[in-house]
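The following paragraphs are intended to be read alongside the sequence and the three-dimensional view.

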Amino acid sequence: MPDFSTMNSTGFRRLVSERFEISAIGQSGGQSGDHLLNPDFKERIVNENAKKAAVLIPIIERAGGLTVLFTKRADKLKNHSGQVAFPGGRIDDSDASPEAAALREANEEIGLVTGKAQIIGRMAEYFTGSGYSIVPVVALVSADVELVPNPQEVDYMFEVPLAFLMDETNHQKASRILQGKERFYLEMPYGEHHIWGVTAGIVRLLHDRLRGL
């Protein structure tokens, strides 16, 4: 069982290399998404017409251990305003790959320059109830990075210890009524921050891959 409380960036890189089963197109693991907690969702959301997107999961080595960087989306955004998220967005035709899209979006949203991020893995696409197919891209980010959130897209950034996120006891199942039906999702409260929904689902996907589940 990996000890994430003492793991450094070298150990994390090694674990990703061991646990991510890379296929011919670079994806790790099987199909994932909101339908795992809502099986009746699958037929509607898992399809080739889902809008393609990518997010960056930035891992930073701090004095107290590895952390994961999140953003709080600007309240004035049209979609998913005010929610906790990873840097990311739609994959454009000009993007060479999901990795390129994730890095581009991270640069636009938080000022992350390519030289300060090293891609170390990509997970299988995560299908969302809102009609997206998201490719989560994992990157090690230099501790000396200088990040500046774009106020048009991001209200602020914060970091959460990787060990906290990889502890299943911090993963809570919740639900709400949508269109007359109960829909389930994960949430991972951390202090004043409410990590939930798709972002929490992607964290859980990372948890399962790293723990070999």
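Glu-105 counts as buried, because its relative accessibility is 9% and the cut-off for burial is under 20%. The model in which this value was computed is a predicted one. Glu-105 lies in helix 3, which spans residues 98–110. Its side chain is joined to that of Arg-104 by a polar contact of 3.3 Å. Leaving aside residues up to four places away in sequence, Glu-105 touches Gly-88, Gly-89 and Arg-90.

Three strands form an open sheet in the order 10-11-12, and their pairing is antiparallel. Strand 10 (172–178) and strand 12 (193–196) are at the edges; each has a single partner strand, so one side of each is left without a neighbour in the sheet. On average, and with direction ignored, neighbouring strands of this sheet are turned by 45° against each other. Strand 11, residues 181–190, pairs with strand 12 in the antiparallel sense over four bridges. Met-188 stands opposite Ile-195 of strand 12.

Helix 5 packs on this sheet, where it touches strand 11 and strand 12, and the direction of the helix makes about 70° with that of strand 11. Within helix 5, which covers residues 197–210, is Asp-208. Is this residue buried or exposed? Asp-208 counts as buried, because its relative accessibility is 18%. From Asp-208 to Pro-98, the separation is 110 residues in sequence and 21 Å in space, taken from C-alpha to C-alpha.

Technical notes. Residues numbered from 1 in each chain as written. Predicted model: local features only at pLDDT ≥ 70, side-chain atom pairs only at ≥ 80, totals over all residues. Heavy atoms only, no water. Helix = DSSP H or I, 4+ residues; strand = E, 2+ residues; numbered from the N terminus. Buried < 20%, exposed > 50% of the residue type's maximum accessible area, 1.4 Å probe, protein only. Pairing = 2+ DSSP bridges. Axes fitted to C-alpha atoms, helices over the stretch in contact; angles between N-to-C directions. Contact = heavy atoms within 4.5 Å. Polar contact = N/O pair within 3.5 Å; in protein donor to acceptor, adjacent residues only side chain to side chain.
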